[in-house]
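Please look through the sequence and the model below with an eye to how the parts of the protein chain meet. The paragraphs that follow lead from the interface as a whole to its details.

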Amino acid sequence: MNYKAMCESVCEIARSTGLFIKEERQSAKLDIETKGSNDFVTHIDKASEKRIVEGLKKLLPEAGFIAEEGTEDVRGDRFNWIIDPIDGTTNFIHGLSPYAISIALMEEDKIVVGVVYEVGLDECFYSWKGGEAYLNDQTIEVSKAATVADSLIATGFPYSNFTLMEGFIKSMDYFMKNSHGLRRLGSAATDLVYVACGRFDSFYEYDLKPWDVAAGAFIVEQAGGRVCDFTKGDNYIFGREIVASNVATHDELSEVVNKLMVY
Ligand code: 2AM
Ligand code: CA
């Protein structure tokens with residue numbers, strides 16, 4: 001497979017779907033304000049995923065799909081797409097950035113193409129097996145921060161699974177006192193690509209789904225960063241826990257998360 005050409009085609013699908021989402025939101029603005037947001041979001045998530053799936057099917061007919069809205073729930077023998085049609089839905093509803101389209105291609109059990117298109121700022125992050133990592137047409141790399149004390153750290157707040165709440169609060173307490181600061185943007189895919197381009201030095205969160213992290217985690221690695229789960233293993237796509245960072249701070253950061261959040 002020509003991974004580079006495949007990645008470029010996926011970027012085109014993500015960009016055109018992003019435009020569609022933006023326009024739909026604009027034309028439905030009044031509806032959201034008067035009738036509430038749930039119906040609208042369900043409709044637009046599904047319509048967006050349908051467009052993405054139709055586009056991807058033409059690119060690689062034999063591939064299966066793991067997609068948030070379940071448009072096409074079929075597994076492929078060798079290739080599977082992992083898709084989130086809108087990551088950061090709550091931001092999107094409120095008219096806030098960031099919110100993103102996340103598309104990864106998995107070959108056997110390895111990601112080979114990753115695209116995160118952050119719609120609000122029109123920023124497309126992407127990489128392919130054997131290539132570098134990009135933001136629009138510029139190559140990107142992770143930061144050079146040497147320690148957690150020098151790091152700006154992103155996380156996500158628990159929203160429905162509160163099982164690790166106690167450890168999570170302890171981790172926030174620790175990082176508030178021992179880093180440059182904590183940020184919570186509300187889109188895990190965007191948090192990851194912001195680590196890839198050095199805006200954040202690191203990111204950690206639990207209870208994330210494969211479609212929230214598959215593309216972004218790949219782009220972090222391609223940009224020279226490191227990714228692991230909370231036990232420092234590599235089950236971070238399907239394992240629902242992720243730590244991503246530059247190389248220099250990875251051991252220190254994952255040790256803190258491991259100590260406070262594995263129990
Ligand atoms: P989603 O927008 O695709 O659902 C932020 O912490 C991450 O958690 C996002 O990637 C977001 O993905 C996911 N998430 C799911 N439900 C959420 C909710 N009710 N509030 C905030 N984030 C949610
Ligand atoms: Ca989503």
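What area is buried between domain 1 and domain 2, and what percentage of it do carbon and sulfur atoms give? The area is about 2000 Å², with 69% from carbon and sulfur atoms, where buried area is the accessible area (1.4 Å probe) that two parts lose on being put together, summed over both. On the side of domain 1, the residues that lose the most area to domain 2 are Asp87, Ile111 and Phe125, which together make up 24% of what that side buries.

This is a predicted model, in which local features need pLDDT of at least 70 and side-chain atom pairs count only at pLDDT 80 or more, while totals for chains, interfaces and linings use all residues. Residues are numbered from 1 along each chain as its sequence is written, chains are lettered from A and ligands numbered from 1 in the order in which they are written, and side-chain values use heavy atoms, with hydrogens and water left out.

Domain 1 spans 3–139 and domain 2 spans 148–261, bounds that come from an automatic or database domain assignment. Their centres, taken over C-alpha atoms, are separated by 21 Å, and 33 residues of domain 1 are in contact with 22 residues of domain 2 (heavy atoms within 4.5 Å).

Across this interface the rule finds 1 salt bridge, that is, a side-chain nitrogen of Lys or Arg within 4 Å of a carboxyl oxygen of Asp or Glu. The side chains of glutamate 123 and arginine 199 meet in a salt bridge, at 2.8 Å from N to O.
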